[in-house]
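Open the model in your viewer and keep the sequence panel beside it. The stops below say what to select and what is there.

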Amino acid sequence: MTKRKRMHNQRTAKAVERKALALDAPSIPVPLMSDEQRLRIERRSVLDRITSNGTISACVMIFAAVAAVICANTDAYYALHEWFALPVSIGIAGWEFSFSFELFVNDFLMAIFFLLVGTELKYEMTVGELRRPRQAMLPMLAAVGGVIAPACIYAFVNRGGAVYGWAIPMATDIAFALGVLSLLGNRVPPAIKVFFSTLAIADDLLAIVAIALFYGHAPSMMWLGAAAVVTALLVVLNIRRHFRLAPYLALGLVLWFCLYQSGVHATLAGVILAFTIPARSDIDAGGLVEWVRAKLPELDDRFDDEAHILGQHDFTHAVNGVERVMHRVTPPLQRLEHAISTPVNFIILPIFAFVNAQVRLVGVDPATLLFDPVALGVYFGMLLGKPIGIVGMTALLVKTKLAELPTGVRWPHVVGVGILGGIGFTMSILIAGLAFTEIPAELLAAKTAILAGSISAALIGLIYMHFVCHKRA
């Protein structure tokens with residue numbers, strides 16, 4: 001090997017090693033690509049940071065809800081309502097399955113949202129706060145208090161009436177609530193964010209259980225049995241360590257159809273699917289760095305700086321082998337979460353908000369709506385029940401010495417978390433639609449109260465936490 005060749009190979013090996021050891025660096029090493037390519041990747045990195053920002057995604061959803069309310073109170077309402085009722089048809093080999101666009105959004109697209117919620121739950125149970133029972137006990141039981149108190153307030157206000165909507169005020173919209181909290185920036189201590197995130201995730205889990213148990217139709221045992229078989233197949237795939245996502249997603253689609261036909265709310269298929277997707281890596285991460293280093297000499301030997309890249313078949317074959325291994329490092333659960341989080345936050349949830357926040361107040365007596373028991377139960381359940389339940393349960397656990405406040409969390413912070421817990425949008429509207437399918441007036445009252453309660457909780461909670469967290473954490 002010539003001296004010039006050896007020097008070039010040494011530089012190449014060092015460049016490849018720098019790339020392997022600096023994969024997360026904010027800038028791309030210049031020798032690896034042109035300035036235009038590097039800028040394109042950096043722009044993509046900026047786009048990823050924007051789409052992963054909870055505040056921005058919450059603002060998009062709020063904008064969609066505001067647009068829905070505006071459209072609902074104009075002449076466009078009738079055209080939209082007719083469009084939402086249009087059938088969406090899926091046909092395979094002469095067999096056709098159809099349902100309205102509104103059902104497509106609420107049953108199918110929201111199943112993808114529940115899939116994202118399920119991945120977050122499994123993440124927390126695997127490596128997050130929910131894997132430490134003692135640390136997770138306080139926010140999880142506080143979430144139970146934050147579910148019971150709003151339900152009791154609603155049931156008390158609606159005793160003898162529309163009690164069936166008791167679960168509407170109990171749900172916290174985790175994306176919306178954390179987006180509001182993030183507006184305070186780094187003045188919020190990290191311990192509060194962890195406490196609130198764990199509480200909101202447990203709250204979501206309780207809402208999912210409520211939907212499964214109380215808001216489905218009379219179940220068909222045949223289709224439930226088929227769903228159980230599909231779930232068993234998903235578990236077998238996990239046990240046999242299949243790490244490709246395609247088989248899971250295909251079976252997940254079949255599971256959704258079985259649950260839809262069974263009468264159980266089909267969105268639960270997303271949660272079941274998430275819990276069966278492997279959270280492990282197909283590669284031994286402990287030996288990965290050494291394996292990559294061992295591959296560098298092979299890449300060095302096969303690279304020819306005097307030949308065109310298309311003609312370097314041995315080199316590109318070796319690189320493809322490294323790429324295949326590196327792709328398998330990331331667990332399937334994490335790959336799935338990364339793939340669906342942006343579409344869920346910026347497409348599915350805004351569409352859901354626009355379709356379901358159609359609150360038409362034209363011709364409605366404001367006094368009748370204002371004093372409607374459903375509206376009062378939902379509004380005060382969210383605005384009062386949440387802080388009473390969360391703070392009350394937390395105080396009970398701490399005073400009885402069954403738990404203690406996390407380091408950096410004070411009682412004023414717990415009160416602020418309780419207020420922000422009253423932000424219930426996505427889950428609350430979904431439950432309202434399930435509770436009042438045949439009563440348009442009560443559905444209108446519930447949706448109006450959900451919007452009013454969420455806005456009130458967000459504004460009051462933001463102002464309160466602004467004064468409580470007056471210093472930078």
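Contact, a word used throughout this tour, means heavy atoms within 4.5 Å. Helices (H or I, at least four residues) and strands (E, at least two) are DSSP runs, numbered from the N terminus. This is a predicted model, in which local features need pLDDT of at least 70 and side-chain atom pairs count only at pLDDT 80 or more, while totals for chains, interfaces and linings use all residues. Residues are numbered from 1 along each chain as its sequence is written, and side-chain values use heavy atoms, with hydrogens and water left out.

**The whole protein**

Begin with everything shown. The protein has 19 helices and two strands. Along the principal axes, its C-alpha atoms fill a box of roughly 90 × 65 × 45 Å. Of the 473 residues, 44% count as buried; buried means under 20% relative accessible area, exposed over 50%, and partly exposed in between (1.4 Å probe, protein chains only). Take the contacts between residues at least 6 apart in sequence: 80% of them join residues at least 24 apart.

**Helix 11**

Select residues 268-276, which form helix 11. This helix is mostly covered, with seven of its nine residues buried. The buried residues are Leu268, Ala269, Gly270, Val271, Leu273, Ala274 and Thr276.

**Ser262 in helix 10**

Select residues 245-262 for helix 10, then pick out Ser262. Is Ser262 buried or exposed? Ser262 is buried, with a relative accessible area of 1%. Show what surrounds Ser262: leaving aside neighbours within four places in sequence, Ser262 is in contact with Ala218, Pro219, Ser220, Trp223 and Leu224. A polar atom of the Ser262 side chain also lies 3.2 Å from the backbone nitrogen of Val264. For a polar contact, the pair must be N or O atoms within 3.5 Å; within protein, one must be able to donate a hydrogen and the other to accept it, and residues adjacent in sequence count only if both atoms are side-chain atoms.

Move to Arg241, in the loop between helix 9 (221-239) and helix 10. Its phi is near 60 degrees, a positive value in a residue other than glycine. Arg241 counts as partly exposed, at 45% relative accessibility.

Side chains of opposite charge can pair when their charged atoms come close. A salt bridge is a side-chain nitrogen of Lys or Arg within 4 Å of a carboxyl oxygen of Asp or Glu. By this rule the count comes to four salt bridges.

Select residues 288-302, helix 12, and show Glu290 and Arg293. These two form a salt bridge, with the closest N and O atoms 3.4 Å apart. They are three residues apart, so about one helical turn separates them. Glu290 is exposed at 51% relative accessibility, and Arg293 is partly exposed at 39%.

Next, show Lys295 and Glu298, whose side chains meet in a salt bridge (3.0 Å, N to O). They too lie in helix 12, three residues apart, about one turn of the helix. Both count as partly exposed, Lys295 at 22% relative accessibility and Glu298 at 23%.

Through shared partners, the salt bridges join Lys295, Glu298 and Arg302 into one network.

**Helix 16 and helix 17**

Select residues 373-399 (helix 16) and residues 411-420 (helix 17). The two pack at an angle of about 145 degrees, with their axes 7 Å apart. Axes here are lines fitted to C-alpha atoms, for helices over the stretch in contact, and angles run from 0 to 180 degrees between N-to-C directions. On the helix 16 side, the contact is made by Lys386, Pro387, Ile390, Val391, Thr394, Ala395 and Val398. Helix 17 brings Trp411, Val414, Val415, Val417, Gly418 and Ile419.

Finish with Lys401, in the loop between helix 16 and helix 17. The phi of Lys401 is near 60 degrees, a positive value in a residue other than glycine. Lys401 is exposed, with a relative accessible area of 73%.
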